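This report looks at how two chains meet and how one of them is built. Sequence and structure come next.

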Amino acid sequence: MLKQFRSRPLDEAVEKIEHYIIKNKLSPHTRMPSERDMCDMWDINRTTLRSAIQRLTREGKVYSRRGSGTFVATEKLLCNLQDLKTISDAARRSNRKLSTKVLDTRIIECPKQISKKLCVPLGHKIFVLNRLRLLDNIPVCLETMYLNYERYPTLDKHDFSVESLYHVLGEEFGTKIQRGEQTLSVTYSTEEESAFLKVPIQTPVFFLRGISLDSDDVPFEYFKNISRSDQIRYASVLREHS
Amino acid sequence: MKGVSYKAPIYLQLREVIRNKIESGEYKPSITIPSEKELADTYGINRLTVRNAIDALVKEGLLKRVHGKGIYVMNNKVNRDLETLAGFSQTMHEKNKRAYVKVRVKLLRLAGEKYGYIFGISPEEKLFCIKRTCFADDEPVSLEEVLIPFKVLPELEKIDVSVFSMYEIYKFYNIEITKAYQTVDLVRLDAKEAKLLGVERDSSVMLFESISYNQDNEVIEYSKNYTRGDHCDFIVHYHGDTVRDEGAPG
């Protein structure tokens, strides 16, 4: 027979705090009760409570300010990886203000690795778009997109800090995303990325890259995104294969 | 940025050069790449710069330094498909890795308020709590915590969860999981978990949290999976007509 256990006090304390936040619908940056009050409320000792807060801090659910207590962390923006234009849709859905800064646009000679992804020959003209996405003025994501300039020769005439790239591709060129494939992994921010994202150098960040294909199954875009994991959470819906 | 502009810092450019050579197959898995000195000579750059570029790729799990031998291409990342409902060993088998799990904890506990809320049951009801370490080719790859209400599968008490994946077990008992919501975060591990996963303390790993539902939309399973980012890439396919406004767990 399986033994029955009460959970470890630490786990129990972690769950109590998490549940307290959910049950009371505490919004980000709300101050949690004092350590003493939390200990009394749930009948746990100070050491256990502190370990629980440490754990939740590592998991990005709360943060502490020395001398002023523990606070509920910023709500991360939930981006569904199966959506097509994850971040702008996600921001709209959760009522947050997304702004975009174009860092750089340029036309390059297609290098080997892009040539493979976009199925165009070496030296073909490629339009590169570098953008910084900000959520309520906090920089959250650095996007680099590579598109076939010979197919889309007017891209450099647009202002992609206000226009949607996909909208332009659809309206002007009739390109619609049919499907795509992207890969998610962890990387560590470089000096330049850190400066744009306002995080310390070598911060672990999400690295998402992939291609989008049009209705003729031709890849039309290759992208690489670096995003802050304290601001963005990725999601997917899994379904049984029919 | 991950671009390849000539204006980018040299170590970044070199990092991309090496990454591309690995991707294109010029540098092959488990074979050494040119030494730091050779790379420095080839590109006319400082050895320290070469080391910086290589360090970054070692951290990402693409390269491995073996003292006195050289720098090896790993490229042994296991691709896991974020959309397929498959247990750990099933996914691994498909990728030709020898996979097995070690059960660290298997017990019954009270749901408590948090999980009572998630499962829609009373805090007094019991849950199975299973903690396992998943290995691929003898290296720990992920730590898994699974919670299942006792009443969903009382037989679980007698089932050896080191032999069967949860999905196999569900299949045997005709529990049909029709969908699962999964989220991905980057989190830091505490000393104990880091040790179990064989990584340094305070390393960042990917945390997958999933909530699985049956055909009646009841929550069957809640799971947390801490996965080493240097061993796995996660692939997601998307389609023009899929799951747009499904929303996700609250």
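Y234(A) stands opposite V184(B) in β7(B). In this predicted model, strand β10 (residues 232-239) of chain A runs antiparallel to β7(B), and 6 bridges join them. Strands are DSSP runs of E with at least two residues, helices are runs of H or I with at least four, and both are numbered from the N terminus. Two strands pair if DSSP finds at least two bridges between them.

| Strands | Bridges | Sense | Opposite residues |
|---|---|---|---|
| β10(A) and β7(B) | 6 bridges | antiparallel | Y234(A) and V184(B) |
| β1(A) and β2(A) | 4 bridges | antiparallel | R65(A) and G69(A) |

Strand β1(A) spans residues 62-65 and β2(A) spans residues 69-72. Their hairpin has 3 residues between the strands, and G67(A) takes a positive phi near 85° there.

Chain A divides into domain 1 (9-72) and domain 2 (77-235), with bounds from an automatic or database domain assignment. Their centres, taken over C-alpha atoms, are 37 Å apart.

Now the whole contact. It takes 58 residues from chain A and 53 residues from chain B. Residues are in contact if their C-beta atoms, placed from the backbone, lie within 7 Å. On the chain B side, β7(B) gives the largest share, 12 residues. That side has 23 nonpolar, 13 polar and 17 charged residues. Asp, Glu, Lys and Arg count as charged; Ala, Val, Leu, Ile, Met, Phe, Trp, Tyr, Cys and Pro as nonpolar; the others, Gly among them, as polar.

Residues are numbered from 1 along each chain as its sequence is written, while chains are lettered from A and ligands numbered from 1 in the order in which they are written. In this predicted model, local features need pLDDT of at least 70 and side-chain atom pairs count only at pLDDT 80 or more, whereas totals for chains, interfaces and linings use all residues.

Definitions and conventions. Two residues are in contact if their C-beta atoms, placed from the backbone, lie within 7 Å.
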